[in-house]
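Below are my notes on the model, for reading beside the coordinates.

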Amino acid sequence: IRAIKRVGLEPYAIELESQSIVRACIPQLHSPEARMVVDIGRMRTSFVIFARGAIFHTSTVEVGGSMLEQHLIKQLNVTAQEATRIKINTGLDKTEAKGEIFAALAPVISSIGDELVRAISYYHTHTTHAHGATPRIERIFLSGGDANLRGLDTYLTSILKVPVERADPFSIIREKLAYNIPPITRREALAFTTAIGLALREIRQD
């Protein structure tokens, strides 16, 4: 705060990144339905459990899109540019390249899956603190630029037995927009989830 004031700015609000992410991704903030947001960035992945208007748990692992590309470069002997293309266009499709691409990405996705299991287990064993929230995680939303990995939602759904879907950061304000189609796509918007959540601070009152 001192640094901000010293450059002539007046702090308006300070909040955790997880609060902004939830604001952009979670419909009906005060619903008793317990939900989780998995924000997959370039260098790390964050996990946020939310219900009844409150954040119950957050955690972070140093696993992200960069590590996915590194595994593709090492296992498939491709350039960084080609690794990015493969990650975006093929992702977790087991039918492509005789399953070699899936095999290269699987260790990284497994790390994310392991942390997901730990976070879900934590919530399920601490429901006495949930203040009327559902005792189990009902839905999981994916956000962040690398949430666009092809097949990630269906893969996580199959191993967790919990519905997993990509978030739509614009869903909350779409009806308030002067135009029906935002200037960026839903896929692109996932990379700006935190920024969109900050912009929603004065709009969301639910």
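1. In this predicted model, the largest pocket is lined by Gln 19, Val 22, Arg 23, Leu 29, Phe 50, Gly 53, Ala 54, Ile 55, Arg 201 and Arg 204. The volume of this largest pocket is about 190 Å³.

2. Two elements each give at least two residues to the lining of the largest pocket: helix H2 (17–25) and strand S3 (54–61). The largest share is that of H2, with three residues.

3. By class, the lining of the largest pocket holds five nonpolar, two polar and three charged residues. Arg 23, Arg 201 and Arg 204 are among the lining residues and count as charged. Gln 19 and Gly 53 also belong to the lining; Gly counts as polar here.

4. Turning to the helix pair, helix H3 (residues 65–76) packs against helix H4 (residues 80–89) at an angle of about 115°, and their axes are 9 Å apart. Angles of 65 to 115 degrees count as roughly perpendicular, and H3 and H4 are therefore described as roughly perpendicular to each other. Their crossing is right-handed.

5. Which residues of H3 meet H4? From H3 come Gly 65, Leu 68, Glu 69, Leu 72, Ile 73 and Leu 76, and they meet Ala 80, Ala 83, Thr 84, Ile 86 and Lys 87 of H4. The contact of H3 with H4 comprises seven nonpolar, two polar and two charged residues. Glu 69 in H3 and Lys 87 in H4 take part in this contact, and Glu and Lys count as charged.

Terms used. Residues numbered from 1 in each chain as written. Predicted model: local features only at pLDDT ≥ 70, side-chain atom pairs only at ≥ 80, totals over all residues. Heavy atoms only, no water. 1 Å grid on protein atoms, 1.4 Å probe; cavity = no way out; pocket = protein on both sides within 12 Å on 5 of 7 lines; lining within 4 Å. Points joined across faces, edges and corners; volume = space filled by probe spheres on them. Helix = DSSP H or I, 4+ residues; strand = E, 2+ residues; numbered from the N terminus. Axes fitted to C-alpha atoms, helices over the stretch in contact; angles between N-to-C directions. Parallel < 35°, antiparallel > 145°, perpendicular 65-115°, else oblique. Left-handed = near helix turned anticlockwise from the far one by under 90°. Contact = heavy atoms within 4.5 Å.
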